[in-house]
Amino acid sequence: MSDHKKPSGVTRRTFLRRTGWAAVGLTAIAVVGYPYVGTAMPALPSFSNPQIGDGWAWIQMLPDGRIRFYCPRMEMGQGANLGLAQIVAEELNVGQNDIECLLPDTSQTAVFKATVGSESIVKFFQPVSLAAARLREELRLRAARQARVKLAEVKDRDGGFILPGAVNITYGDLVQKTAIVLPEPSSDSAMPMQYALRDAQARQTIGQRWRHPDLHGIVTGTQVYSRDVVVPDMVYGRVMRPPKIGARIVKIDTSRAEPLPDLIKIVEDKAQNFIGFVCDNPFILDEVAEAIEVTWHSNEDVFPADRETAEMLRETNAFPHVVASNGEAVDESGEGEISVSGAYFTPPAAHTAMEPRAGVVSVSNGKAEVWCGSQDSFFVQQRVAKAIGFKNDAVNVHSLRMGGGFGGRLACWASEDAAVLSNAVQRPVRVQWSREDEQQHNYFQPPFSHFIDARVDSAGIITRWNHDCVSAPIITGPFSFMGMPLADTVTSVVDWIGPDKGTMRGIVSPYAMPNHRIRFAPARTGIPVGAFRGLGAAPNSFAIESMIDELAFAAKIDPLKFRLDNLSRSNARLAAALKRVSDMADWGSDLPGNTGRGIACAIYKDMTYVAVIADIYIDHDAQTISATNIWCAQDCGLIINPDQVENLVSGNLIWGCSMAFKEKMTFANGIAQEDNFHSYEILRHGEAPAMHVSLIDSQAIATGVGEAAFGPVAPAIANAIFNATGRRIRNLPINYEDVAGT
Amino acid sequence: VPSITLNGRSVDIPDHLENITLLDFIRDHIGLKGTKFGCGIGLCGACTVHVDGVAQRSCLTQVVDVAGQGITTIEGLAVTAPGAGLHPVQEAWLEISVPQCGYCQAGQIMSAAALLAKTPNPSTSQIKQQMNGNLCRCGTYGRIQKAITIAAGNPYYE
C-alpha cells in the first residue's frame, strides 16, 4: 500500500452535490489523512487510524439549527454512533432531538477506518469532539460579528448563544440559506476548548442514558437492514458458491433450468469460478438453483490447523517468533518450586450474526449503487468495483445497520455477486445469503493451541512462564481468501516478519513474571480465518487464566489473592476491578452443593480492565452443566453512555458462556459440518446466567467495550468447574461428560 | 381463492404462491419486512409471528396451511393491545433499551407477547422456557427477560 496521501475519492464538489445540502447550511469539508489505495492495488480493508483533523468533514450545521452528523462508524448494535453523537451534542450544547446521526454513503465522507477492534470511541472521541468544538466556536464568532459584540460576551446557551442584554440567538439564526464551507484548519489554529473533556459536574450529555434513535423502528419492525432493501424494478439473483472450500467449476449444465418461467438470465464465467442467475421473482430461486447442474472439483484437501498440527510443531520445537521474553524462562526448577504444565485448546468458531448477509446492487450507465451492511463500506466499494471492472468512484455504497457484525462483516460477497449479476442485466439485483452460506462461505475464528509450563515458588510468586501458542494468522489471514490467493512464498515471508498481532492479542499476561518466554508458531490452514470478536483475546485469556488458576491451586493460595499478588505493579486498575468483582460476588462465601465458583481477569488491548467471577451448577439428573451467575467489574475509563456499555458488557458475558459451553466449528474435506443452529449451537435464553455488571467510575480516557469482557468468561467458568469437581477443563467447549464422565 | 387475514386485512394467496412459506409471503409478496429470516429451519425464532394469537415460526409454515387464519406480525402488534401507542411489550423493550443490533428483536417481541397473552404473570422459568427458541447473538437475554417482567406489570395484563 502506498503511503502517498491523496484525496480519497471524495472531492469537495462531489461531496456538496451528493449530500444534497450544498444550497444551505454550514459545514467544514476536509479531505485529508488517508493513504490512497489505487485501483492497481488489491482491495484491502481500511486500516488507517483517524487523524485529529478528520472530524471537520463529519459535522454539519443545518439552517434550522439542527446538526447532521455523518458518523464515521458503522452500526451493528454496538451503538458507537450514539456515543459519538453524545460527544457532538456535548460540544454544541444541543439535545438528542437536535442531532441527526447518519451512516454515511461512501460518497459522503472520505475513507474512514473499518469499524473493528472496539475503537469507535477510543480513536474517534478526539477528532469528533474537536470538530464539534471548532464548529461551536465558529458559530460563536459569527454571533459576535452579527450582533456586533465582543466574542467574550457571547455565552453558551442550549442550541445557540446568549448575548448581552439577555438576547437569545440560536444556531439557526447564524446559518443562512447559503452554503458556507469552513476552511480546513491550519496546523497552528488555536485549539478550541473541548467541553467533552470538562469536569464530570460540568458535562451535560456525556454520561447520560440516551436511547438509540433506531430502537423505535426496531421494536415496531420498520428499521431497514440490508435484507429489507427494496428498490424499484429490482430482480432477484443467486450465485452458486463452491460446495467445498477451494472447489473450482469443471462443467455447467443449464439445460434443465433454461425453460423455467421467470428466469431472466444465467451468468457464467468459468475463469472467475462464477455461476449465477437472475429471476423475476424471488420464489423460484431454489428451483432454478436445483436445475442448474454444476460439477465442481478440488484437488486439495483442506486441512484445519488443529491440535495435531500444533502438537507436531511443539514436538519439533518449531516456534519462529518470541513474542515476549525476560529473564531465564527455561531454567531448571529452583528449590521449593512447583511445576505445572497444561495444554489448552479452543476450536474454530463462527460469527453467526443473526442476519445472514445480503446486498442489493443497481448497475446502470456505468455507475453502481450498492446497499449493504458492512463493517467497512469502503472495502465493499473497492471489491464491488473490482468485481465489475469499475473505478472506485463509480461505485457508491449505502451503509445500512447490520444485524450483527462481530468482525465477520468486512466483506460483503452478496454485494459483489449482486453487482456482477446487475451488470449483466442492467437492473437492480438482490442477493441474500442463507444461514448455510454464512456457515460455509464466511471466514472463521481459527483454533488455538497453547502449551504452558510454569512454576510457582513457595511464597506463591510465579517464577517461570513458558508459553507456546500455535494458531493461524488472523489479520494477515484474510488476504488469502478475499480474492487474492497468496503464494506460499508470500505467506511465509509475511509469517517470518513477525507474529500476527491479531492472533497474539492478549497473549502477554498482566502478571509480573520476571522469567518468561512466550512464543508463537503460525499454522496457515486451508480454512479461511479472519476477524472474530476479540481476535486472539479470548482464546489466549482462556489459556493464561486457566494456568494461573492451576498455579494458585498448586501453591495452595486463594485464586483471587494469587492474582493480586502476582499482578504487575502497573496494573492497579485491574487489581481494582478484581477487588470490586470479589466484593460484588462475596468471594469466599459458602456455596451450595454441585456448585463451583471461578475467577479470571484480563486487560483488553492495553486499555480496558475486566474481572469476572462465574458460578456454575452441575445438574447430575439432567446431565447438564451451566453458568448460573456471572459478575463482572469493568474499568473502561470515561463512560459516554452507561446504558449502552452495560448492554455490551452483558452481551460479552453471554458470548463468553457460549464459547465455554457451546461453540465449535469442524470441517470435513473443506465442508463446514455445522451448517445451521442445530449443529452450531449458541447460548439460548434458558442457559443465560444472571448477570451482575459494575462499571468502575473513572475519568480516564474512554476505551473500548465491545469485546473486552468476553475474554475472562470462559476461564472463569472452567475454573469454577475445577472448584466444584476437581477436574481441569483444558478444551472448549465444555460438555457434561468432560466434567462428570469417568 | 384462499386468503389470510394479515394484521387485520384480508390478503388473497395467488395460485402461484401456494408453495411458499408464510415468511416469504409476508416479506416478499406483501412487502412487510419487520419479520426476519434467520435460519430458515425454525431454530432461531427471528421469523416468529402470531397465528390466531399463537407464536409460530413463519419460515416453517406454508402460507396455504394458515389460509383462513389471522396472522399478526410485528408491524401489527401494537393494534392487538387496546389503547393508543405501542404494545406493552414494545413499551417495555424501549423502556430499558433491550436491542443491540436489533435483528432478532421482532421475533423476541412476538414470542414474549404470545407468552404474556397466555400467561400474564410468568415465572422466570416460564419466561426462559417460552423464549428458549429465540436466539440473540448480541446476548440481550438478560434485558429481554427483564423487559418481559416489566411488561407483565403493565395494567393491560391485570
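**A buried phenylalanine and its surroundings**

A:F124 is buried, because its relative accessible area is 0%, and the cut-off for buried is under 20%. Keep in mind that this is a predicted model.

Where does A:F124 sit? This residue belongs to helix α3 of chain A, which covers residues 120-147. Now look at what surrounds A:F124. Leaving out residues up to four places away in sequence, A:F124 touches A:P50, A:W58, A:P72, A:R73, A:L84, A:K113 and A:E119. Take A:P50 from that list. A:P50 and A:F124 are 74 residues apart along the chain, yet their C-alpha atoms are separated by 6.9 Å.

Step back to the whole of chain A. Its secondary structure comes to 17 helices and 28 strands. Of its 742 residues, 62% are buried. Contacts across the sequence can be counted too. Take those between residues at least 6 apart: 79% of them join residues at least 24 apart. The accessible surface of chain A comes to about 28,000 Å². Carbon and sulfur atoms account for 50% of that surface.

A:R409 lies in a loop of chain A, between β18 (395-399) and α9 (413-425). At 2% relative accessibility, A:R409 counts as buried. Again leaving out residues up to four places away, its contacts include A:E355, A:R357, A:D376 and A:Y443. A:G373, A:S374 and A:Q375 are also among the residues that A:R409 touches.

Next, a helix. α12 of chain A runs through residues 537-554. Its 18 residues should span 26 Å at 1.5 Å a residue, and the end C-alpha atoms are 25 Å apart, so the two values agree. Of those 18 residues, 17 are buried. After α12(A) comes A:K556, with a positive phi near 60°.

The structure holds ten of 30 Å³ or more. Which residues are closest to its centre? They are A:T346, A:P347, A:A349, A:Q445 and A:M659, out of 15 lining residues. α12 and α15 (642-661) of chain A are the elements that give two or more residues to this lining. By class, the lining has twelve nonpolar, two polar and one charged residues.

The second largest cavity holds about 90 Å³ of space. It too has 15 lining residues, and those closest to its centre are A:H212, A:L215, A:Q644, B:S97 and B:P99. α15(A) gives the largest share of this lining, three residues. The lining of the second largest cavity divides into three nonpolar, seven polar and five charged residues.

α15 of chain A takes us on to chain B. In general, an α-helix has 3.6 residues a turn, so residues three or four places apart point the same way.

Key
Residues are numbered from 1 along each chain as its sequence is written. Chains are lettered from A and ligands numbered from 1 in the order in which they are written. This is a predicted model: local features need pLDDT of at least 70, side-chain atom pairs count only at pLDDT 80 or more; totals for chains, interfaces and linings use all residues. Side-chain values use heavy atoms; hydrogens and water are left out. Helices (H or I, at least four residues) and strands (E, at least two) are DSSP runs, numbered from the N terminus. The expected span of a helix is 1.5 Å times one less than its number of residues. Buried means under 20% relative accessible area, exposed over 50%, partly exposed in between (1.4 Å probe, protein chains only). On a 1 Å grid over the protein atoms alone, a cavity is a set of points where a 1.4 Å probe fits but cannot get out, and a pocket is an open set with protein on both sides within 12 Å along at least five of seven lines; lining residues have an atom within 4 Å of a point. Grid points are joined across faces, edges and corners, and a volume is the space filled by probe spheres set on the points. Ala, Val, Leu, Ile, Met, Phe, Trp, Tyr, Cys and Pro count as nonpolar, Asp, Glu, Lys and Arg as charged, and the others, Gly among them, as polar. Contact means heavy atoms within 4.5 Å. Accessible areas come from the Shrake-Rupley method with a 1.4 Å probe; for residues, only the protein chains shown count as cover.
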